[in-house]
Amino acid sequence: MAAAAAKAAAAALSAAAAVAVSSERVHAEGGSGFRFPFSSSPTPPPPPPPGAPPPSQPSPAPAAEEAPRVRNDNPRTTAAGFDPNVLERGAELLRDYEKHRDADVKKMFAYLNKVEETRQAELTAQKAEHLKEAATIELEKTRVEYDEKKKLAQQQAEIKAQIARYGDELARKRSQLENETQRARNQELVKMQEDSAIRVEQLRRQIEEEIHETRRKTDKAKALIDQETAERKSKADAEGRALEKKLSEEVDRRMFLEKANAEREKWVQAINITFEHIGGGLRTILTDQNKLVVAVGGVTALAAGIYTTREGARVVWGYVDRILGQPSLIRESSRGKYPWSGVPSRAMSTMTSKLKNGSNLGKNGNGFGDVILNPSLQKRVNQLANATANTKLHQAPFRNMLFYGPPGTGKTMAARELARESGLDYALMTGGDVAPLGSQAVTKIHQLFDWAKKSNRGLLLFIDEADAFLCERNKTYMSEAQRSALNALLFRTGDQSKDIVLALATNRPGDLDSAVTDRIDEVLEFPLPGEEERCKLLKLYLDKYIVKAGDKQGKGWFRFFRRQPQKIAVKGITDDLIQEAAAKTDGFSGREIAKLMASVQAAVYGSTECELTPSLFREVVDYKVAEHQQRRKIAGHA
Ligand SMILES: Nc1ncnc2c1ncn2[C@@H]1O[C@H](COP(=O)(O)OP(=O)(O)OP(=O)(O)O)[C@@H](O)[C@H]1O
């Protein structure tokens, strides 16, 4: 406020000075009175710009020495810059002012106001200028800040980018490292897997070798067991047959003894009578010299003749036996021991079979004696028999056959009947007999074939248990002798023969050597009998073992001396009962059914009444069925 007042006073002084100058000029120009600068000049001179030199003031002239007034545009000042003339003029003006105060005071204040306003305006302008500058500075500051911020942001962005790049780099390196580690691990894994695969492969090979070895050993053991079983079986069969023969011989012997005793008594009487006659005759001879000489000579000649004949016959028989005799490998033959031995019986059997039906039909009405087969197999065997008979008729080569199937299904019987039906001789051998012959086997095989070739009718050579002798040659457990025997057989059967039909029977056709199977023309499977066949078999063996048990006469001359078996009374054995038994005996072979009926016969003979009743029959059937199941369980089938 004080500053404002001082400013106003200074302004007033300067204004007063200006007024003084102008009034002075007026006086100098001869004008009348005082003229207020505001009245002569509507617009006061503008205040000097700050910094500009103050406006020129007219220098005051002393009143005494009134020298022509010259305007001093550059008045002198004191050393401090202060001009007292101006003050004097101001004071004079103030005095004038006092005079003219009333009139001009208002103008002056207005003028002062204006000056003040102008000053205010200047200040405002200055302030605005300052504000503008401040705004500019602020703007600049903002811009700088913005730039700084921008730079910072850029730097941050760059840092971020760098961090990101670095992070990327790190991630890349890390992933590279991971990849490398993974690759290394993978390689390691692959190596481990390879190692493991190699180990597994080695293990597998080892196991395979072990399995192979075990299998080989098992096969060997199995073959040995089979061989042993076959041997045991054949031995048991032979023993059975021998026992049966022995028993029947024993019975025959006893019967014979009984008859012989009776006969002996008869003969003793006859001999006594004869000796009485001879005694009479001897007495006559001894008393007559000539008659005595003739009698001695006759007896001596007779003895010599008998002796010579016997010895000669023995030599001849030995020779014939060697040349024509049945080989030891043959167990059964329709030719008998000597070629002529079977002729009468064959002729008889052919005659009787023809007389029976006028056809080839056998006992069971199907053309095959006692063999019961399923219809399709029966048909096949019939066709084969006819074909073989025709082959023989036309002198064409025979066809070899293979019969395979479970044990006891009629293979041997069918072969026998087939030979009979086709008019061939037949000979039966067992594969199991070859191995025990050792080095003799080859010779025996050749002997066998030589013998077989001598049959005029042609011969069916049936080799039972063929797998025991004709199995794969590369099997390790096969002996050298066996292999040679097989080779001998292969050699003898290499070409199709017009003399020999080779019929092989086996339970294991897969075991046969491929060269053997290659020689086979007809393969027939003998399955276990179906229900219908079982029914027929039961009836057949019921008839054979029970119904006709008492009718049996036997063979040979001794049959007349044999004790006849007891007749069995059959009661209530109906077709339904047989059918029931057939249903129960599912899985039985023909042999098992035959044995079942033999057991029924034994049970009947074991009973006191010697009578077959349904309950006894059922009892035996049930017992046999249970036994069969048990056997299957032991064999691991059930
Ligand atoms: N189909 C059948 N018809 C009649 N009886 C049969 C039949 N099958 C088997 N048999 C009886 O079983 C016994 C044995 O028959 P065979 O010897 O023919 O059988 P296989 O099949 O040759 O047996 P393996 O294979 O054991 O030698 C015969 O004596 C017979 O009593």
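Gln 601 is found in helix H13. Helices (H or I, at least four residues) and strands (E, at least two) are DSSP runs, numbered from the N terminus. This is a predicted model: local features need pLDDT of at least 70, side-chain atom pairs count only at pLDDT 80 or more, and totals for chains, interfaces and linings use all residues. Residue numbers start from 1 along each chain as its sequence is written. The protein has 14 helices and 8 strands.

- Gln 601 is buried, because 20 other C-beta atoms lie within 10 Å.
- Buried means 20 or more other C-beta atoms within 10 Å of a residue's own, exposed means 12 or fewer, and partly exposed lies in between; C-beta atoms are placed from the backbone.
- Leaving out residues up to four places away in sequence, Gln 601 touches Tyr 545, Ile 546 and Ala 549. Contact means C-beta atoms, placed from the backbone, within 7 Å.
- Gln 601 and Leu 542 are 59 residues apart in sequence, yet 8.6 Å apart in space, C-alpha to C-alpha.
- H13 has 17 residues and spans 24 Å from first C-alpha to last, close to the 24 Å expected at 1.5 Å a residue. The expected span is 1.5 Å times one less than the number of residues.
- Buried residues of H13 include Gly 590, Ile 593, Met 597 and Val 604.
- The buried residues of H13 pack against helix H11 (531-547), strand E8 (611-612) and helix H14 (614-635).

**Ligand shell**

- Of the 19 residues around the ligand, Gly 410, Lys 411, Thr 412, Gly 590 and Arg 591 come nearest. A residue is near a molecule or strand if its C-beta atom, placed from the backbone, lies within 6 Å of it.
- Helix H7 (411-421) and helix H13 (590-606) each supply at least two shell residues.
- The shell has 9 nonpolar, 6 polar and 4 charged residues. Ala, Val, Leu, Ile, Met, Phe, Trp, Tyr, Cys and Pro count as nonpolar, Asp, Glu, Lys and Arg as charged, and the others, Gly among them, as polar.
- Domain 1 (329-337 + 354-527) and domain 2 (529-638) each give the shell at least three residues. Domain bounds come from an automatic or database domain assignment.

**Helix H7**

- H7 is largely enclosed by the rest of the structure, because 9 of its 11 residues are buried.
- Lys 411, Ala 414 and Leu 418 are among the buried residues of H7.
- Cover over the buried residues of H7 includes helix H6 (375-393) and strands E2 (401-404), E3 (425-430), E4 (459-464) and E5 (500-506).

- An open sheet of 6 strands runs in the order E1-E3-E4-E5-E2-E6, with mixed pairing. Strand E1 (332-333) and E6 stand at the edges with a single partner strand each, so one side of each lacks a neighbour in the sheet.
- Strands pair if DSSP finds at least two bridges between them.
- E2 pairs with E5 in the parallel sense over 4 bridges. Leu 402 has Leu 504 as its bridge partner in E5.
- E2 also runs parallel to strand E6 (residues 522-525), joined by 4 bridges. Phe 403 stands opposite Leu 524 in E6, and Met 401 has Glu 522 as its bridge partner.
- Both faces of E2 are covered: Met 401 and Phe 403 are buried on one side, Leu 402 and Tyr 404 on the other.

Methods. Contact = placed C-beta atoms within 7 Å.
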